[in-house]
Amino acid sequence: MRIIVTADLHYRPAQRDAYLAFAGWVRQRNPDCFIIAGDIGHPLRLFRRGLQLFRDLTCPRAVIAGNHDVYRSDHDSRTLWEAWLPRVAREEGFIWLEDDVLTLGTLGICGTMAWYDYSSRAPHLSLGDHEYRVLKGSVNHDADYVDWPWSDRAMARYLAKGFASRMETLIGNPAVSQILVVTHVPIIEAAVPRHPESDFWSLMSAYLGNLTLGKFVLDQPKVSHIVSGHLHRAGQWTIAGRYGAVECHVVGSRPGAPMAVELNF
């Protein structure tokens with residue numbers, strides 16, 4: 001069984017030919033499932049157009065949102081998150097993994113945006129949560145364009161609670177022997193770039209991961225693979241989980257040049 005996971009499309013109409021070529025490559029690979037791990041397009045009309053690139057795929061298609069997908073524009077971030085993104089995803093034939101799980105034979109797929117909670121902060125910086133809230137705007141545009149009423153840590157906890165409930169469903173399903181976890185924000189330490197010589201990247205690292213969720217995932221049975229996006233830097237690691245080795249990936253991406261991870265089960 002072949003699963004293709006992409007992320008960080010950031011659909012741009014001016015580079016449509018490149019996106020069409022990528023969609024054509026996906027079709028040629030004939031996947032059994034196709035997943036987009038966030039940052040499809042902004043504003044909402046480009047989110048829809050990004051999904052429409054893959055309308056000809058006959059396999060199940062699933063999607064989660066990324067931080068750029070909830071940037072305020074025609075709609076505020078809360079309305080995008082709670083109503084418009086899941087509605088458009090379903091209208092375009094995608095499974096909204098923030099609400100639903102997907103099972104393919106003995107494989108279960110569970111996803112979440114996995115908002116950052118500062119757990120990936122640089123170890124050498126002695127900053128608290130308040131400082132990370134105040135300083136975010138100096139390195140991260142999320143502070144300017146995400147206008148929902150929740151704090152980063154509150155959103156991270158909320159998403160983790162829903163994700164844990166969906167994971168419980170798959171873990172309790174006797175027909176499922178493996179679980180693929182898909183997130184936008186990376187959840188393992190190895191994926192977070194560390195540049196202690198750089199003030200910018202040292203601060204930015206707090207907004208690049210959710211290691212709290214990663215610890216939870218690595219402690220769960222049946223989890224065999226984790227795929228994330230957000231960083232635009234491809235990487236692959238094998239991490240020791242409580243129940244065995246877990247294959248972990250971050251999907252790479254370049255402006256106007258989507259990339260993907262192909263998994264075979």
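Let me start with Asp39. Asp39 is buried, with a relative accessible area of 1%. Buried means under 20% relative accessible area, exposed over 50%, and partly exposed in between, with a 1.4 Å probe and protein chains only. Asp39 has a positive phi of about 55°, although it is not a glycine. It sits in the loop between β2 and α2.

A word on the source. This is a predicted model, where local features need pLDDT of at least 70, side-chain atom pairs count only at pLDDT 80 or more, and totals for chains, interfaces and linings use all residues. Residues are numbered from 1 along each chain as its sequence is written, and side-chain values use heavy atoms, with hydrogens and water left out. As for the labels, helices (H or I, at least four residues) and strands (E, at least two) are DSSP runs, numbered from the N terminus.

Back to that loop. Pro43 lies there too, between β2 (33–37) and α2 (44–52). The peptide bond joining His42 and Pro43 is cis, with omega about 5°. Most residues other than glycine have a negative phi, and most peptide bonds are trans. His232 also has a positive phi, about 65°. His232 is in the loop between β8 and β9. With 31% relative accessibility, His232 counts as partly exposed.

Now the sheet. It is open, with six strands in the order β5-β6-β7-β8-β10-β9 and mixed pairing. Which strands stand at the edges? β5 (102–104) and β9 (235–241) do; each has a single partner strand, so one side of each is left without a neighbour in the sheet. Two strands pair if DSSP finds at least two bridges between them. On average, neighbouring strands are turned by 20° against each other, direction ignored.

Take two pairs. β7 (residues 178–183) and β8 (residues 223–228) are parallel, over four bridges. Here Ile179 stands opposite Val223 in β8. β9 and β10 are antiparallel, over seven bridges. They form a hairpin with two residues between them. Ile239 has Val246 in β10 as its bridge partner.

Next, the helices on the sheet. α6 touches β5, β6 (107–112), β7 and β8, and its direction makes about 175° with that of β6. Helix α8 (residues 211–218) lies across β6, β7, β8, β9 and β10, at about 160° to β8. Axes are lines fitted to C-alpha atoms, for helices over the stretch in contact, and angles run from 0 to 180 degrees between N-to-C directions.

On to the interior. A nonpolar core is a set of buried Ala, Val, Leu, Ile, Met, Phe, Trp, Tyr and Cys residues joined through side-chain atoms within 4.5 Å. The largest has 67 residues, of which Phe54, Trp115 and Ile226 touch the most other members. Helix α6 (residues 152–171) gives the largest share of this core, six residues. A second, separate core has 19 residues, including Ile35 and Val251.

Ile226 leads us to His249. Leaving aside neighbours within four places in sequence, His249 contacts Ile226, Trp237 and Leu263, among others. Contact means heavy atoms within 4.5 Å. His249 belongs to strand β10 (residues 244–250) and is buried, at 9% relative accessible area.

For Cys33, the nearest cysteine sulfur is that of Cys59, 6.1 Å away. Cys33 is buried at 0% relative accessibility. Cys59 is buried as well, at 11%.

Definitions and conventions. Disulfide = S-S within 2.5 Å.
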